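Here is a short briefing to read with the model open beside you. Please take a moment to look over the sequence and the fold before going on.

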Amino acid sequence: MTFLSEALTFLLAAIITVPVCKRLGLSSVLGYLAAGLLIGPYGIGFIGEAEEVLHFAEIGVVLLLFVIGLELQPRRLWVMRRAVFGLGTAQVLCTTLAIAAVLLFGFHFSVPASLLLGFSLALSSTAFVLQLLGEQGKLNKPHGRAAFGVLLMQDVAVIPAIALLNFLTPAADGQAASLHPWLLLIILAGLVLARFSLRPVLRFIAGTGIHELFAAAGLALVVGAALAMNSAGLSMGLGAFIAGMMVADSEYRHQLETDVMPFKGLLLGLFFMAVGMSANLALLGDSPLTVIGLVLALVFTKAAVLLLLAFWYGLEKGEAWRGALLLSQGGEFAFVLLVAGAGAAVISDQVAEMAVLVVTLSMATTPLLVALVDRLKRTPVSQRPEDKIDVSSHPVVIAGFGRFGQILGRVLSMRNIPFTALEANPRQVDFVRRYGHQVYYGDASRLDLLYSAHVAEASALILAIGNIEVSLKIAEMVGRTWPNVRIFARARNRHHEMALRRLGVHYVIRETLMSSLAMTEKLLTHIGLPEKSAKEAVATFKSHDHQTLLKQAALLHDQEAYDRATMTAAEELRALFREDASSSGSEEADREPEAGASP
């Protein structure tokens, strides 16, 4: 078959199988696997060589690791330290040892083979799980955050494992493969230089205003870093991962992620199709009970270990079950490790082939198990398409039309000020429309939707979204893309407000601040303070709290200094109240409030 014929075959197979799986309430990844099984050498046989397709489609995994690197900001890693280094490390170690022990004592494998297979099968599919979480919108749920931490630790742990196998794998001339130290030093020096030069380069390219050029620069960064590491004898994924980390704290992080996502999605789909093609279904036909038993054993073992660790981590029962089932499959990096292990003669080709089939079939079980849990919990995933925004530009765009956004919208409507409202919850959209409000269903964190909403022509963007991560993403994206648009944001808590202010948001208000201060004023008058004194006390607290927040925002990454500033601020506020009470001659000094930085 010609290249175009093969491409058409892949596209048609995906177009047929993926929608069918989605109609059945299953993951699109399962559709890609089914497409690969259907057209591969062990299915109809339209495509005969799975290995070449798999090598090309690995670019999808490389792009996935780049996106993971983009998410790995130091402050985020610190916040997730227990999930990554605690739960993640425990999962890798416990699952590896459990599987290795079964192989060593039950099937009499050698120690190196048992450890290699145990580690390979302990890994879950980052692409698979993140795709499922993204489709269901559950990445910010407790089990989603825990799963992300485990996957992050697995992706980091696989890098030294691949490097170790590179040392053991025989080269074509029979000599042991090795790293090129001099080339590695040059690459490391280049990475250090790139760390400081990338931001000015990206700023220059972004200044051209050509969106396609910036997307090309992002792809060039990923491919260049991957090839550089590959030339030194290390994995391409490591290079992409490091490239993502180098720009993780830059103002172009979300733009790069947005530009890379379409390529990542297509190539990951091709990767999963190649995985389906590489599964030797003849083994399933020859020994169906053995293969099915091994798949069930793998899923059960991983789920059992993960369930115990999830309870130890503190997840409640339902979240623990979801997390355990979500990570119970084998992962795409198992294919890389198993092939490398067979090449290094640690395991035989037959064992590697059987393990690849088991991992592939285990992936097929995860969407079924997750769908079963969702059915039992009665939390079906909405398949509703986003609305098409067909209005001209309005002076105000409201992102998030819940309780907070609706109040703003009602006041604007009373003043006959037109606005465009965006809401990501379809049930909320339907509820609000019943009362005559025009609101569009869509995810405001998507740049294309903001373009459709004519944010560029708006005078102000109202960030009324409760999700902190999404709120920060939109604030950063809009501030970089349309710096002339003023952003008015709702903050969930103190840290959210500080993060928004650091992004340059023009006006931020904590959702509970004004209501709690209003109640405090009423309380003070109720217990006997004069109305004037109560107003002054609230005004003093509000002013001091704002100044304290600005100081704390500058110390957010230094926990010790942040704690000291908080204690100092509390003492300063107490002193202010003492002075006010003393100067007024009232009895307020005997009723000195317990004051400190507000949460």
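The notes below cover a surface patch, the cavities and the aromatic pairs. Please keep in mind that this is a predicted model.

**Surface patch**
- Leu-8, Leu-11, Leu-12, Ile-15 and Ile-16 make up a nonpolar patch on the surface.
- Together, these residues have about 500 Å² of accessible area.
- One of them, Leu-11, sits in helix H1, which covers residues 3–23.

**Cavities**
- The count of cavities of 30 Å³ or more comes to 3.
- The largest cavity has a volume of about 70 Å³.
- Its lining includes Leu-87, Ala-146, Ala-147, Val-150, Leu-306, Ala-310 and Gly-323.
- Two or more lining residues come from each of helix H8 (142–168), helix H14 (288–313) and helix H15 (317–326).
- By residue type, the lining of the largest cavity has 10 nonpolar residues, 1 polar and no charged.

**Aromatic pairs**
- The structure holds 3 aromatic pairs.
- In one of them, the ring centres of Tyr-451 and Trp-482 are 5.1 Å apart and the planes are at 75°, so this pair is edge-to-face.
- Tyr-451 belongs to helix H20 (residues 447–452), while Trp-482 is in the loop between helix H21 (468–481) and strand S5 (486–491), so the pair ties together parts 31 residues apart in sequence.

Conventions. Residues numbered from 1 in each chain as written. Predicted model: local features only at pLDDT ≥ 70, side-chain atom pairs only at ≥ 80, totals over all residues. Heavy atoms only, no water. Patch = residues over 30% accessible without salt bridge, like charges linked within 9 Å, V, L, I, M, F, W, Y side chains within 5 Å. Areas by Shrake-Rupley, 256 points an atom, 1.4 Å probe, with all protein chains shown as cover. Salt bridge = Lys/Arg side-chain N within 4 Å of Asp/Glu carboxyl O. Helix = DSSP H or I, 4+ residues; strand = E, 2+ residues; numbered from the N terminus. 1 Å grid on protein atoms, 1.4 Å probe; cavity = no way out; pocket = protein on both sides within 12 Å on 5 of 7 lines; lining within 4 Å. Points joined across faces, edges and corners; volume = space filled by probe spheres on them. Nonpolar A, V, L, I, M, F, W, Y, C, P; charged D, E, K, R; others polar. Phe/Tyr/Trp six-rings, centres within 6.5 Å; stacked < 30°, edge-to-face > 60°.
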